[in-house]
Amino acid sequence: MQRLVLTAALAAMMFAPSVAMADDVSPETQMNEAGIQAVEAHWVRAFVTGDAAYLNTLLDAGYVSVNTKGVPRPKADIIALAKSIAAKGPQTIPPPSPNMKIAVHGDAAIVTDAGFGQVSVDVFHYANGAWHAWYSQHTSVAPPDTTKKS
C-alpha cells in the first residue's frame with residue numbers, strides 16, 4: 001500500500017509541472033482565431049494606455065499603418081501616438097467589435113473590421129511563439145444613404 005501511495009505521489013509530482021505550464025499558456029500564443037482575438041483585444045488596450053513595451057513586441061520591425069488619409073506611419077510613430085493618447089488621461093477601452101472577421105492561414109492571419117466610419121485590415125504573422133502585426137490599413141467609409149428609396 002505504501003508503495004502504491006509513493007508511486008502515485010511521484011507520478012503527481014512529475015505531471016504537475018506540465019499541467020501548471022499548460023494553464024500558464026497565454027491565449028495570445030494560440031495559432032488560431034482565439035489567439036488573434038486575444039491579440040487584437042490586447043492591442044487596443046495597449047494602444048489607449050500607451051503600453052509601449054507590448055506594442056514594441058507586437059508590431060513587426062517593418063510594421064506600417066496607413067491611415068484613412070493614405071498616410072503611412074511606421075512602428076515608431078504608432079508607439080509615439082499611443083503614448084500621446086495615454087498622456088491625455090484615462091481612455092475608454094472600446095469593447096470588441098461585433099463586425100470583426102478573422103481568417104487564419106497557417107502562420108498568417110488577416111483581420112477585417114468595420115465601424116466608426118471606417119474599414120480596417122490588420123495582417124499578422126506568427127513567429128517565435130507569438131503573433132506580430134505586419135501591416136494595417138484604414139479606409140473611410142461613407143455612412144449608408146438612408147434617404148434613397150429603392
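Let me begin with a definition: the expected span of a helix is 1.5 Å times one less than its number of residues. Helices (H or I, at least four residues) and strands (E, at least two) are DSSP runs, numbered from the N terminus. Now apply that to helix α4, residues 75-87. At 1.5 Å a residue, its 13 residues should span 18 Å, and the end C-alpha atoms are 18 Å apart, which agrees.

Before going on, the ground rules. This is a predicted model, where local features need pLDDT of at least 70, side-chain atom pairs count only at pLDDT 80 or more, and totals for chains, interfaces and linings use all residues. Residues are numbered from 1 along each chain as its sequence is written, and side-chain values use heavy atoms, with hydrogens and water left out.

The overall layout. The chain has four helices and six strands. Along the sequence the pattern reads α-α-α-β-β-α-β-β-β-β. Buried residues are 24% of the 150 in the chain. Buried means under 20% relative accessible area, exposed over 50%, and partly exposed in between, with a 1.4 Å probe and protein chains only. Now contacts, meaning heavy atoms within 4.5 Å. Take those between residues at least 6 apart in sequence: 45% of them join residues at least 24 apart.

Back to α4. Which of its residues are buried? They are K75, I78, I79 and A82. They cover an arc of only 100° around the axis, so they sit on the same side of α4. That arc is taken from the directions from the helix axis to the C-beta atoms. The face turned away from the buried side carries the exposed residues A76 and A87. What do the buried residues pack against? Their partners are α2 (33-49), α3 (52-58), β1 (59-66) and β2 (72-74). After the helix comes G89, with a positive phi near 120°.

Next, the sheet. Strands of a sheet pair through backbone hydrogen bonds, either parallel or antiparallel. Here, two strands pair if DSSP finds at least two bridges between them. The sheet is open, with six strands in the order β2-β1-β6-β5-β4-β3 and mixed pairing. β2 and β3 (101-105) are the edge strands, each pairing on one side only. From one strand to the next, the twist averages 15°. For such angles, axes are lines fitted to C-alpha atoms, for helices over the stretch in contact, and angles run from 0 to 180 degrees between N-to-C directions.

α2 packs on this sheet. It touches β1, β3, β4 (108-115), β5 (118-127) and β6, and its direction makes about 115° with that of β5.

Look at β1 in particular. With β6 (residues 130-140), β1 pairs in the parallel sense over four bridges. With β2, β1 pairs in the antiparallel sense over three bridges. S65 shows both sides: its bridge partner in β6 is S136, and in β2 it is R73. The hairpin of β1 and β2 has five residues between the strands, and there G70 takes a positive phi near 85°.

L59 leads us to the core. L59 stands opposite A133 in β6. Leaving aside neighbours within four places in sequence, L59 is in contact with W43, K75, I78, I79 and A133. The largest nonpolar core has 19 residues, and W43, L58, L59 and F124 touch the most other members. A nonpolar core is a set of buried Ala, Val, Leu, Ile, Met, Phe, Trp, Tyr and Cys residues joined through side-chain atoms within 4.5 Å. Who supplies this core? α2, α3, β1, α4, β4, β5 and β6 each supply at least two residues. α2 gives the most, with four.

Is S120 buried or exposed? S120 is buried, at 14% relative accessible area. Not counting residues up to four places away in sequence, S120 touches V111, T112, D113, Q137 and H138.

Last, two loops. F116 lies between β4 and β5. Its phi is positive, near 55°, in a residue other than glycine. F116 counts as exposed, at 84% relative accessibility. N128 lies in the loop between β5 and β6. N128 is not a glycine, yet has a positive phi of about 55°. At 82% relative accessibility, N128 counts as exposed.
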